[in-house]
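We will go from stop to stop, selecting a few residues at a time.

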Amino acid sequence: MSDTPTPRQGGWWSLSPLFVFLFLYLVVSLLVNDFYKVPITVAFMLASCYAVAITRRVPLDKRLSHFSAGAGNPNIMLMVWIFILAGAFAQSAKAVGAIDAAVNLTLGILPENLLLAGIFIASCFISFSIGTSVGTIVALTPMVVGLAEKTGLDVAYMTSIVVGGSFFGDNLSFISDTTIAATRTQQCVMFDKFRVNLLIVVPAALVVLGIYVVQGLSLHTSPEVGPVEWLKVLPYFLVVLTAAVGLNVVLVLLLGLLATGMVGFFLSPEADFTIPLFRWFGAMGEGITGMGELIVVTLLAGGMLELIRFNGGIDFIIARLTRHVNGKRGAELCIAALVGIANLCTANNTIAIITTGPIARDIGMRYGLDRRKVASLLDTFSCLVQGLIPYGAQMLIAAGLAGVSPLSIIGTLYYPFCMGLCALLAILLRYPRRYS
């Protein structure tokens, strides 16, 4: 018989580490009006220590073992790989001049009053093509940061446009893991879910696009646009194209990284090949080091959230929400709350859907809900929460690449807010009628 303790029924106390983190990082930062007073690493370290301390009737070494298992979860380690490669690519691309070249190309193509709308459309298109918000953020954020610096626009605001658009495709794409998880748990056809989802979120996308068009009309920046150096843009073209054809994001970043090295070798004036080689190594090392805080936060978050799950926090909140369901509208609201809270506790929208999907299907069958709409609600509300939590992978990597606080991005993240509002109205107004 195994001596490993099994997860048990929890209470509000089992969710308290999450509240401790939110208080230390979010509430304190808002109270002092400074998002840099409490480093996110410190907030997570204290919340993690608290999570270990409140885990009862388990020896300390077992508590630490569960924490470490959460930190070493395959999904967490994959994110760490992506962060390492993204940091190396971003810095090496900057070192060879790829970012400046991409910025000059963008400024030369897009009129200044359509710059914001153009970035949003590009992030929506790429994320829909590759089915991942993280891949879109990795591909576009360094270029957008360069645009912000060149035009004098706020870096956090420009980054939020990319993050918002990235969730458009994450929510709708046929190859998105959230779409796959939602349709499989509800046993419905992907295209049917896509049609329902499209009716719910396209109004949100059009509203946000309109906002960016209107805001772009007031832009009167006259940045000095340099000549487009096509060879230096090659790494970015390669990253976007390989991502668009559906290659794994790790492979995409590796190819982009190799491309920056080749460009650096080709453009190097030195005859000694070791000079550009070590320059490339140095840039990669600087980029990886710059991701150190992000990696630490990811590991601490994974461990803390695993202890919340082990202490019964997710099971507890699911049980509390499902016992007062009444009618179709209430059932859909319950499903939205279930997947949202599960996402808050796991910081992973795919895992949140997989966790709550079977329960949502049972609720849907009991109250006669359309499986296509249930799948759409699961996907949409999980993406809503994932886009608004400062410790989600998307927010962390965007903040790391842009060099800003995650909270400064959330404040201007229009699309997830509009998407969530449209999804809520779809529940309250029984829209679309055919699927309600």
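In which segment does Tyr 431 lie? Select it: Tyr 431 sits in the segment after H21. This is a predicted model, where local features need pLDDT of at least 70, side-chain atom pairs count only at pLDDT 80 or more, and totals for chains, interfaces and linings use all residues. Residues are numbered from 1 along each chain as its sequence is written, and side-chain values use heavy atoms, leaving out hydrogens and water.

Tyr 431 counts as partly exposed because its relative accessibility is 36% (buried is under 20%, exposed over 50%, partly exposed in between, with a 1.4 Å probe and protein chains only).

Helix H21 (residues 414-428) gives the largest share, four residues.

Next, select helix H17 (residues 349-367), which bends by about 45 degrees at Thr 356 (the angle between axes fitted to the seven residues ending there and the seven starting there). Pro 358 follows within four residues. Thr 356 is also among the buried residues of H17, as are Ile 353 and Ala 360. To see what covers them, show helices including H8 (155-172), H16 (327-346) and H18 (371-388). Just after H17, Gly 368 has a positive phi of about 70 degrees.

Last stop: helix H4 (residues 74-95). Its 22 residues reach 32 Å from first C-alpha to last, close to the 32 Å expected at 1.5 Å a residue. After H4 comes Gly 97, with a positive phi near 90 degrees.

Conventions
Helices (H or I, at least four residues) and strands (E, at least two) are DSSP runs, numbered from the N terminus. Contact means heavy atoms within 4.5 Å. The expected span of a helix is 1.5 Å times one less than its number of residues.
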